[in-house]
Amino acid sequence: MTSTIKVQNIKHTNDTTAMTIDNAGRIFTPARPSFKAYMSGDQSAPSQSTFTTIQFNAENHDIGGNFNTSNYTFTTPVAGVYYFYTSYSYVAGASGTGGAIISIRAGGTAIAAVDWLVENTSARWGASCSTVVSLSAGVGVTSLAYGPARSIFGGDYGQTQFCGYLIG
């Protein structure tokens, strides 16, 4: 026995569309929390002794309004599994060698990090990391940097960004 449900939209009783299925069978979830944040300009160098929050003060999109461009934090609106990605591009310090780290933190705890050795150079560097994590509602998620750099490059062209979305 087979059953068929033919429907184009699934809505909440308050008339909010939760899901749309187009004529090709693709499923869209327009209310799913999602964001992409970036820096509108360059940021001064991260510390070589402590982590520095990357100042993502502009948004490409923010479905649900959960990213705060004043404190650079995404707050999980509901409990669930989330995907996060962050990257940054910077010019290393002109002298010395040291470790550099990019990290994603949830509730103050590292949930993803990538570290590497930066050699004595003034070359341009970049790094990224991503993770899938189960979080409770109301958890603040931020992106941080550590290491020898002169400045972090900003702009909405993908070099320094922070994004994420609810998987389910």
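**Entry 1: the β2 and β3 pairing**

I started with strand β2, residues 17-21, and found that it pairs with β3 in the antiparallel sense over 2 bridges. Keep in mind that I'm looking at a predicted model here. Which residue stands opposite Ile21? I looked across and found Ile27, in β3.

Then I traced the sheet: it is open, has 3 strands in the order β1-β2-β3, and the pairing is antiparallel. Who stands at the edges? I noted β1 (9-11) and β3 (27-28), each with a single partner strand, so one side of each has no neighbour in the sheet.

**Entry 2: aromatic rings**

I picked Phe35 and Phe74, which form a stacked pair, with 4.7 Å centre to centre and 15 degrees between the planes. Phe35 sits in strand β4 (residues 34-38) and Phe74 in strand β9, so this pair ties together parts that are 39 residues apart in sequence. Are the two buried or exposed? I checked, and Phe35 and Phe74 are both buried.

Phe35 also forms a pair with Phe162, and this one is edge-to-face: 5.1 Å centre to centre, with 80 degrees between the planes. I wrote down that the pair links distant parts of the chain, as Phe35 is in strand β4 and Phe162 is in strand β16, 127 residues apart. Phe162 is buried, as is Phe35.

Which residues make up the aromatic cluster around these rings? My list for this one cluster reads Phe35, Phe56, Phe67, Phe74, Tyr82, Phe84 and Phe162.

**Entry 3: a charge over a ring**

I also looked at Phe51. Arg105 lies over the face of this ring, at 4.5 Å from the ring centre.

Where is Ile167? I placed Ile167 in the segment after β16 (161-166). Why does Ile167 count as partly exposed? Its relative accessibility is 40%, and partly exposed covers what falls between buried, under 20%, and exposed, over 50%.

Last, I checked Tyr72. Its phi is near 60 degrees, a positive value in a residue other than glycine. I located Tyr72 in the loop between β8 (67-68) and β9 (73-75).

Note on methods. Residues numbered from 1 in each chain as written. Predicted model: local features only at pLDDT ≥ 70, side-chain atom pairs only at ≥ 80, totals over all residues. Heavy atoms only, no water. Helix = DSSP H or I, 4+ residues; strand = E, 2+ residues; numbered from the N terminus. Buried < 20%, exposed > 50% of the residue type's maximum accessible area, 1.4 Å probe, protein only. Pairing = 2+ DSSP bridges. Phe/Tyr/Trp six-rings, centres within 6.5 Å; stacked < 30°, edge-to-face > 60°. Lys NZ or Arg CZ within 6 Å of the ring centre and 35° of its normal.
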